[in-house]
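Try each task first, then follow the solution step by step.

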Amino acid sequence: AFDTVGWFSKSVEHMSTVGELLLPSGGEVSEPDTLIVCEDFLMLADPELRTESELEINKLSAAFSSVKTIQLKTDSVFNELSEIFRVLQGREIARTHGDWIKLNKPTFGSDVDSRFTMAMALSEEEERVALEKQKNWCAELSDILRDNSVLFLPTTPTTAPKIGSSQTELRTRLLCLTAIAGLSGSCQIHIPSCRLSIDGNVKPYGFSYLMAPGQDKSLIATAVRSSNLFSI
């Protein structure tokens with residue numbers, strides 16, 4: 001349920017062309033006039049990236065009639081996003097591969113093996129609780145995006161980590177941002193617009209637009225409309 005087709009392109013124009021071929025035909029393409037900025041999401045990113053995101057927001061505001069800054073109604077749902085994703089994905093993995101694993105007893109690498117073990121140990125009750133929390137989260141996000149609006153997101157909490165560094169803590173932080181679209185069925189587009197100088201190295205970074213489920217073409221159209229305000 002969390003896997004979906006996505007594509008890379010060198011420009012938003014190419015992104016739009018591919019979208020015309022892959023996305024369902026018909027349907028109204030809206031022109032979102034409000035850029036929504038959620039302070040809770042910005043706080044997930046490293047300090048220097050929050051500063052960069054604020055600079056991007058200032059630039060992008062020229063493409064919208066208004067910029068609306070919000071905070072989530074409650075921290076509890078937001079803080080549990082990575083856990084909701086872990087449980088629901090794990091139960092899906094167990095249903096898909098569990099019988100085969102029990103029958104063939106394959107050998108995996110340690111990281112993969114630990115995740116399969118975790119997935120196989122999850123209970124129906126844990127899934128029920130996670131589904132209820134997912135429902136609450138989707139309701140809150142739907143309320144945020146109910147108007148003609150697009151949500152600004154830092155796509156990741158950090159720039160690319162060093163090869164060989166531990167990803168355990170990063171994975172939890174990362175999922176708090178990357179699970180938003182997957183858990184809600186929303187559409188998201190990443191714009192790699194930044195080149196940051198960090199610790200003497202130039203590192204790429206970017207942000208995302210996110211819109212309500214089924215608004216894929218409107219999302220791409222919004223990126224095209226504001227493309228003169230960022231560089232890829």
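## Exercise 1: An aromatic cluster

Phe152 is buried, with a relative accessible area of 0% (buried means under 20%, exposed over 50%, partly exposed in between, with a 1.4 Å probe and protein chains only). Before going on, note that this is a predicted model, in which local features need pLDDT of at least 70 and side-chain atom pairs count only at pLDDT 80 or more, while totals for chains, interfaces and linings use all residues. Residues are numbered from 1 along each chain as its sequence is written, and side-chain values use heavy atoms, leaving out hydrogens and water.

**Task.** Find which residues form one aromatic cluster with Phe152, and classify the ring pairs Phe64–Tyr209 and Phe152–Phe207.

**Solution.** 

1. Recall the rule: rings of Phe, Tyr and Trp (its six-membered ring) pair if their centres lie within 6.5 Å; planes under 30 degrees apart are stacked, over 60 edge-to-face, and the rest tilted.
2. The structure holds five aromatic pairs. One of them joins Phe64 and Tyr209, with 6.2 Å centre to centre and 80° between the planes, an edge-to-face pair.
3. This pair links distant parts of the chain, 145 residues apart: Phe64 lies in the loop between helix 3 (47-60) and strand 2 (66-70), and Tyr209 in strand 5 (residues 201-211). Helices (H or I, at least four residues) and strands (E, at least two) are DSSP runs, numbered from the N terminus.
4. Phe64 is buried at 7% relative accessible area, and Tyr209 is buried at 0%.
5. The ring centres of Phe152 and Phe207 are 5.1 Å apart and their planes are at 20°, so this pair is stacked. Here strand 3 (residues 149-154) supplies Phe152 and strand 5 supplies Phe207, 55 residues apart.
6. Phe207 is buried too, with 1% relative accessible area.
7. The cluster therefore consists of Phe64, Phe152, Phe207 and Tyr209.

## Exercise 2: Two helices side by side

**Task.** Work out how helix 1 is oriented relative to helix 9, and which residues meet.

**Solution.** 

1. Helix 1 (residues 12-22) and helix 9 (residues 216-225) pack at about 160°, with axes 9 Å apart. Axes are lines fitted to C-alpha atoms, for helices over the stretch in contact, and angles run from 0 to 180 degrees between N-to-C directions.
2. Apply the classes: under 35 degrees is roughly parallel, over 145 roughly antiparallel, 65 to 115 roughly perpendicular, and the rest oblique. Helix 1 and helix 9 are therefore roughly antiparallel.
3. Now list the contacts (heavy atoms within 4.5 Å): Val12, Met15, Ser16, Gly19 and Glu20 of helix 1 meet Lys217, Ile220, Ala223 and Val224 of helix 9.

## Exercise 3: A residue and its distant partners

**Solution.**
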